[in-house]
Amino acid sequence: MAVQSGSGSSEKKSSNGENELLTFNAENMQSNMKIIYYSRTFLSIIGGVVAGILGFTGLKGFVFYSLLMAFTSLGLIAKAKFSIHTYFDSWNRVLIDGFLSGLMSFVLFWTFAYDIAHIF
Amino acid sequence: MGLGFAIGFIGVLILFHAAYSTIQYRTLLKITEEEFSGSPLNVVIELSLGLLLCTWAALTVPGKFLCILPHSEENRILLLSEPFIYDEVGRQPQADHTYVNDLLKS
């Protein structure tokens, strides 16, 4: 059920296991998700370049990516001042979302940077 | 935001310099016919610094997180800042506080 407020933003109701109704501002939620997406994508690209320049191959590169994403998650949690539920509806948004989409960008720029620095 | 962009730009420049240094190092290795066993220490330090600066830029440039709680201070102020609010038929309500009270009750 959507309720119109004066600012034009909509509220959403979501329920958990105990049938408690929680409302949150969906527009702000989407804005926060966009911020996470941009941050992770940019850092995946930069991480790919760094991994390529360092000459990482195989599993080392993926381990580097995992560490980088863990570090990014920590940075995002710090940006949210460690009170996740003020800005997001679950911890998964900050910890897991964007992990796989960033991986493709990471591999692309990792290959590109490795080729430029070590092959050509 | 301007500062974030500048720091991100400096971070990217440092990465480019590190890439150039690595290319020169590889060329030297080809001349001396040695194998690449790892980047030199100065390149590793440059890359770490560039990564740190870019991380800071990535976390600050996209913007601030907005509160999603419906009864937070920011949202409440936004509701109260509109004195003339019309209902579906287009009639102005009798008093502003009536509309706000109704909203808060629902």
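Guide: A polar contact is a pair of N or O atoms within 3.5 Å; within protein, one must be able to donate a hydrogen and the other to accept it, and residues adjacent in sequence count only if both atoms are side-chain atoms. By that rule, eight residue pairs (both at pLDDT 80 or more) are in polar contact across the interface of chain A and chain B. This is a predicted model: local features need pLDDT of at least 70, side-chain atom pairs count only at pLDDT 80 or more, and totals for chains, interfaces and linings use all residues. Residues are numbered from 1 along each chain as its sequence is written, chains are lettered from A and ligands numbered from 1 in the order in which they are written, and side-chain values use heavy atoms, with hydrogens and water left out.

Visitor: How many salt bridges does the rule find across the interface of chain A and chain B?

Guide: The rule requires a side-chain nitrogen of Lys or Arg within 4 Å of a carboxyl oxygen of Asp or Glu; across this interface it finds zero salt bridges.

Visitor: What makes the span of H2(A) close to the expected one?

Guide: The expected span is 1.5 Å times one less than the number of residues. H2(A), a helix (a DSSP run of H or I, at least four residues), has 21 residues, and its first and last C-alpha are 30 Å apart, close to the 30 Å expected.

Visitor: Which residues does A:Phe64 touch?

Guide: Contact means heavy atoms within 4.5 Å. Leaving out residues up to four places away in sequence, A:Phe64 touches A:Gly47, A:Val50, A:Ala51, A:Phe56, A:Phe106 and B:Leu51.

Visitor: How much area do chain A and chain B bury between them?

Guide: Buried area is the accessible area (1.4 Å probe) that two parts lose on being put together, summed over both. For chain A and chain B this is about 3,200 Å², with 72% on carbon and sulfur atoms. In chain A, A:Ile53, A:Lys79 and A:His118 lose the most area to chain B.

Terms used. Helices (H or I, at least four residues) and strands (E, at least two) are DSSP runs, numbered from the N terminus.
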